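Hi everyone, and thanks for making time. I'd like to walk you through a structure that may be new to you, so let me put it up.

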Amino acid sequence: MSDRDLHTALQHWNSKVEGNYTYQELAQKFLQSNQKVNSLSDFKDNLYEYLISSITGGSGKRQWQQKLHTQLKNTLTQANSQKPDEFLIMRICSQLLNFLIVESHLSIQHFSFIDLITNQGTLVTTELLLKIVLICPKVKPYLEKRLTILFQHYESANTSDIKWLVKILEQVNIAMVIYFGNIDISYFKETG
């Protein structure tokens with residue numbers, strides 16, 4: 001990543017989005033508005049709306065929204081009538097990461113991830129992953145594991161053949177440092 005790209009990324013992840021909120025503020029707003037939700041089914045519907053706000057126009061938007069909606073609808077269906085709790089939310093978020101990135105090291109099926117990056121770009125894809133981790137920080141190690149599986153799968157590949165992976169890893173690392181790290185990045189807030 002060039003210095004200019006790094007500076008742009010740092011400014012983006014520090015900027016206000018979606019109605020002048022930070023991603024952290026959006027996550028807190030989502031969690032607060034869902035404290036009184038009585039069923040996991042309703043929570044999943046709300047989670048879908050929260051997540052699709054990141055998916056921009058362009059090729060595949062409707063298709064991605066449908067895939068995401070179907071995935072959420074079919075996740076933990078046996079618990080749909082239960083009130084969402086920390087455990088259920090963590091299970092939903094971890095299964096979403098499986099769906100979005102890769103299930104396991106035994107089955108490296110990541111066509112959906114490549115499709116998402118191809119159609120939405122690394123920035124929107126990272127926003128989607130960040131939004132999940134911000135509402136359920138306990139799945140952050142799970143996100144890291146999914147990305148590690150892909151990294152290990154491609155570690156012997158030529159970097160020029162996997163630019164998409166390099167770019168997504170760069171964006172995710174920057175976003176995670178900003179939202180979960182403890183470094184002072186106030187300069188980038190001021191120069192945005």
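Let me start with a question: which residues lie nearest the centre of the second largest pocket? They are Leu31, Asp85, Glu86, Ile89 and Ile135, among 15 residues that line this pocket.

Before going on, a word on the source. This is a predicted model, in which local features need pLDDT of at least 70 and side-chain atom pairs count only at pLDDT 80 or more, while totals for chains, interfaces and linings use all residues. Residues are numbered from 1 along each chain as its sequence is written, and side-chain values use heavy atoms, with hydrogens and water left out.

Now, what do I mean by a pocket? On a 1 Å grid over the protein atoms alone, a pocket is an open set of points where a 1.4 Å probe fits, with protein on both sides within 12 Å along at least five of seven lines; lining residues have an atom within 4 Å of a point. A volume is the space filled by probe spheres set on the points, which are joined across faces, edges and corners.

The second largest pocket has a volume of about 220 Å³. Helix 5 gives the most to its lining, with three residues; helices here are DSSP runs (H or I, at least four residues), numbered from the N terminus. By class, that lining has nine nonpolar, two polar and four charged residues. Here Ala, Val, Leu, Ile, Met, Phe, Trp, Tyr, Cys and Pro count as nonpolar, Asp, Glu, Lys and Arg as charged, and the others, Gly among them, as polar.

The largest pocket has a volume of about 280 Å³. Of its 13 lining residues, Met1, Asp5, Lys167, Glu170 and Gln171 lie nearest the centre. Helix 8 gives the most to this lining, with five residues, and the lining has four nonpolar, five polar and four charged residues.

Let's move to the core. A nonpolar core is a set of buried Ala, Val, Leu, Ile, Met, Phe, Trp, Tyr and Cys residues joined through side-chain atoms within 4.5 Å, and buried means under 20% relative accessible area with a 1.4 Å probe, protein chains only. The largest one has 60 residues, and those with the most contacts inside it include Leu47, Leu100 and Phe113. Elements that give two or more residues to this core include helix 1 (3–14), helix 6 (111–135) and helix 8 (163–180).

Take Phe113: leaving aside neighbours within four places in sequence, its contacts (heavy atoms within 4.5 Å) include Leu100, Leu147 and Trp164.

Valine 172 lies in helix 8, and it counts as buried because its relative accessibility is 4%. Not counting residues up to four places away in sequence, valine 172 touches Thr126, Leu129, Leu143 and Leu147. Valine 172 and threonine 126 are 46 residues apart in sequence, yet 5.8 Å apart in space, C-alpha to C-alpha.

Finally, find leucine 76, in the loop between helix 4 and helix 5. Its phi is near 50 degrees, a positive value in a residue other than glycine. Most residues other than glycine have a negative phi. Leucine 76 counts as buried, at 5% relative accessibility.

Technical notes. Buried < 20%, exposed > 50% of the residue type's maximum accessible area, 1.4 Å probe, protein only.
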